[in-house]
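The sequence and the structure are shown first.

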Amino acid sequence: MSKLIGSVSDSNFKAVSFRLEDVLIMTPFLQKNCLFMFMEEDYSMFDVSGKKSFTELRTAAEEAAEKKYGVRTKVTLEKVYDIFAKLSKISPEGKKRLMERECELIEHFSFPRECGKTLFREAKRNKKRVIIYSESVYPRETIQAILENCGYSTY
């Protein structure tokens, strides 16, 4: 940790970048699709008949989106749910509500990683420009809410 703090404090650098996922924030889930299990009841309220669970369909939709868009463009939650809607035959209103619910849940379950927060604070203390990048499918507003909830500001 002292080596990392030394690197962040190094006067030769004017900026420091941090990856959001697993560096600055964490979730309590072993796998990212564990979050989807919290949405099974929400999904069942849309009266969709099918043999697959929300978790199975949502996971398949993200995998399909990564195949379809992954190399050429960023995979977004909107693109994932476009595919999810086709797989599940859910209504546009159902699609919108499930996307909103997923964003609410990821905001709720995200928490700061203490070593990341220490490094972030050290960078700010040393007046570094802080850049945070994310490879998340979630919209910018959701990422900003997670950062704010976890105590990260002025990045």
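The secondary structure of the protein chain consists of seven helices and four strands. The model is a predicted one.

**Overall dimensions and surface**

The C-alpha trace of the protein chain spans about 60 × 30 × 25 Å along its principal axes. Of the 155 residues in the chain, 39% are buried. The chain exposes about 9700 Å², and carbon and sulfur atoms supply 54% of that area. There are 27 positive and 23 negative charges, and their mean positions lie 7 Å apart. Among contacts with a separation of 6 or more, 73% are between residues 24 or more positions apart.

**The largest nonpolar core**

The largest nonpolar core comprises 43 residues, and those with the most contacts inside it are Phe18, Leu35, Phe54, Tyr81, Phe84, Leu98 and Tyr138. Two or more residues of this core come from each of β1 (15-19), α3 (54-69), α4 (77-88), α5 (92-109), α6 (114-125), β4 (129-133) and α7 (140-149).

| Residue | Residues in contact |
|---|---|
| Leu98 | Met39, Asp42, Tyr43, Phe46, Phe54, Tyr81, Phe84 and Ile90 |
| Lys95 | Glu78, Tyr81, Asp82, Ala85 and Ile90 |
| Phe120 | Phe18, Leu24, Val130, Ile132, Tyr152, Ser153 and Tyr155 |

Leu98 is one of the residues with the most contacts inside the core. Its partners in the table include Phe54, Tyr81 and Phe84, which are also named among the residues with the most contacts inside the core.

Lys95 is located in helix α5. Is this lysine, Lys95, buried or exposed? Lys95 is classed as buried because its relative accessible area is 14%, and the cut-off for burial is under 20%.

Phe120 belongs to helix α6. With a relative accessibility of 5%, Phe120 also counts as buried. Phe18, one of the residues with the most contacts inside the core, is among the residues that Phe120 touches. How far apart in space are Phe120 and Met45, C-alpha to C-alpha? The two residues, Phe120 and Met45, are separated by 41 Å in space and by 75 residues in sequence.

Conventions
Residues numbered from 1 in each chain as written. Predicted model: local features only at pLDDT ≥ 70, side-chain atom pairs only at ≥ 80, totals over all residues. Heavy atoms only, no water. Core = buried A, V, L, I, M, F, W, Y, C linked by side-chain atoms within 4.5 Å. Buried < 20%, exposed > 50% of the residue type's maximum accessible area, 1.4 Å probe, protein only. Contact = heavy atoms within 4.5 Å. Areas by Shrake-Rupley, 256 points an atom, 1.4 Å probe, with all protein chains shown as cover. Lys, Arg positive; Asp, Glu negative; His and termini not counted. Charge placed at Lys NZ, Arg CZ, Asp CG, Glu CD. Lists of a residue's contacts leave out its neighbours within four places in sequence.
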